[in-house]
Amino acid sequence: MRHWLMRHGIWIAAWLAATLAGSALLAQAELSRLREAFETDARIAHRLLSQRAVQHEAVLATLALLQPAAASDPAEQRLASVYPQIVAVQRRDGDAQWPDAALLSAETLSLSKRKPVLADSDLARGRYRILLAGQPSSFALTLDVRAAVPWNEWPMPADKSPVRVVLEQSGQRFVLQPGQVEESPWRFDFSKHLAAESQPFELVATRSVGWEALPWLWMIALAAAAAVVLAVLRSLQRQRAERSRAEELLRLGQVARLNGMGELAAGMAHELNQPLTGVLANTQAAQRLLDEDPPDLSTARWAMEQAVQQGKRASEVVGRMRRAVSRPDAAAQSQSVALQDAVRNAFYLLEPEFTRHQVTPRLTGVSSPVMVHAEPVALEQIIHNLLVNALQALDQVPVAERELAVKVDSGSGAGKLTIADSGPGIPADVLPRVFEPFFTTRENGLGLGLSLCESLASGMGGRLDASHRSPRGAVFRLALPLAKA
């Protein structure tokens, strides 16, 4: 699980970041849309109620202007059929008195202001009265709050809308629309006084917005789209990485085969030169012996000369073969190389193998780069071969016990690379021969890998050795000269 998270963690984090950022934008857009709709509806409601309030003042002004002659004129009482919100019309003529003190006080105020005023209000019952003082008559209207609302033009369904609409005045309130008021993460508020001074009511609208109002379907669709896009990008990246890895492995393989042929040629030359030297020595001795015997020696001497020539020729053929396939001079191509970078590159190339063998390598050591004087390809081939050998050894132990530790440090004028595994290790009787050409304990092995690594290390002025790891496993140590600053 940990290895899987390490491989895919950055993509999961990218998906989460994209999903969260996109969802936040979608949520913000939806909340902005809801707020805009809320404020639009609240302003329409305020405008409608303000128009009605102004209309009430106009009715009072009309009554005062017409000044009916008879107090019993029924025209005033017929206003209710035209304006359902007008519950009653009251008038005071001449020296008559108002039936209550509220109207008397309101008339005094109206006279001083010369405009309609609020006489009293009982919002709990949904009633209030406005009065306009005049000569010879003053008029008062008793109004029903709910009937004053033009429901046919109301912007919200009063019984279903989540918006709560209330009229407030001096601590009193009348609920026009109950809405849904509850604890929620977001809350929209709107408040504004009606546009009629005689009816100083404040329209207060409130809406609570909960999590359920967010565009969850769009968020899920966004998350799915982000996952698809990142999966495609991940696939493309993986294909590029695999192609790059394959090209690098092919290059290393070609170099390894060339170097392997060089090791093979060197081994053949070493093995063939000894018998060829013996043949050459024997034919020369025979030639000398035949030279001491005069009878018919010309034919024997000619045959021995031919044998000597063929022996020399065979030696030259082997020498030409070795020179033709020998690896290039590593020392001549050496340069300054960061040892940690070479290890990380080998890790990258072998990442599929680590996954297949269920091994997680660990790189430790000094934090600063260890710069060594080496031929980059040869160094990569050494590390590659040692890591492959370690993976093959770890296949022989249970998965839970597989460890592969790589350490880079420096000291005594050399950059040091240590590769330790928890495999079965190298037997004591085998350890001295692990770098011999053609020596192997692996079935179908050629025995050239470690020999080649040691030859490459020596060619770069370094050394490679192996030892037993306690309590189990093998340790290979590579030392290369440090690059000059």
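**Group meeting: a sheet, its helices and some backbone exceptions**

Arg-114 is exposed, with a relative accessible area of 77%; exposed means over 50%, buried under 20%, and partly exposed in between, with a 1.4 Å probe and protein chains only. Before I go on, this is a predicted model, in which local features need pLDDT of at least 70, side-chain atom pairs count only at pLDDT 80 or more, and totals for chains, interfaces and linings use all residues. Residues are numbered from 1 along each chain as its sequence is written, and side-chain values use heavy atoms, with hydrogens and water left out.

Back to Arg-114. Its phi is near 60°, a positive value in a residue other than glycine. Arg-114 sits in the loop between helix H3 (101-113) and strand S2 (117-122). Helices (H or I, at least four residues) and strands (E, at least two) are DSSP runs, numbered from the N terminus. Gln-358 also has a positive phi, near 55°, and lies in the loop between helix H7 (351-357) and S10. Gln-358 is exposed at 51% relative accessible area.

Most residues other than glycine have a negative phi, and most peptide bonds are trans. Pro-136 belongs to the loop between strand S3 (127-132) and strand S4 (137-144). The bond from Ser-470 to Pro-471 is cis as well, with omega near 0°, and Pro-471 is in the loop between S14 and S15.

That brings us to the sheet. Five strands form an open, mixed sheet in the order S10-S12-S13-S15-S14, where two strands pair if DSSP finds at least two bridges between them. Strand S10 (362-365) and strand S14 (463-468) are at the edges with a single partner strand each, so one side of each has no neighbour in the sheet. On average, neighbouring strands are turned by 20° against each other, direction ignored. S13 (residues 414-421) and S15 (residues 474-481) are antiparallel and share eight bridges; Asp-421, for one, has Ala-474 in S15 as its bridge partner.

Which strands does helix H8 lie across? H8 (residues 376-394) lies across S12 (404-411), S13, S14 and S15, at about 20° to S13. Axes are lines fitted to C-alpha atoms, for helices over the stretch in contact, and angles run from 0 to 180 degrees between N-to-C directions. Contact means heavy atoms within 4.5 Å. Helix H9 (residues 449-459) lies across S14 and S15, at about 135° to S14.

H8 also packs with helix H6 (residues 339-349), at an angle of about 50° and with the axes 9 Å apart. The two helices are therefore oblique to each other. The contact residues of H6 include Leu-339, Ala-342 and Phe-347, and those of H8 include Leu-379, Glu-380 and Ile-383.

Beyond its neighbours within four places in sequence, Gln-340 is in contact with Val-366, Ser-368, Pro-369, Val-370 and Val-408.

Last, strand S9 (residues 335-338) and S11 run antiparallel and are joined by four bridges. The bridge partner of Val-337 in S11 is Val-372. Strand S11 (residues 371-374) has Val-372 and Ala-374 on its covered face, and Met-371 and His-373 on the uncovered one.

Terms used: Parallel < 35°, antiparallel > 145°, perpendicular 65-115°, else oblique.
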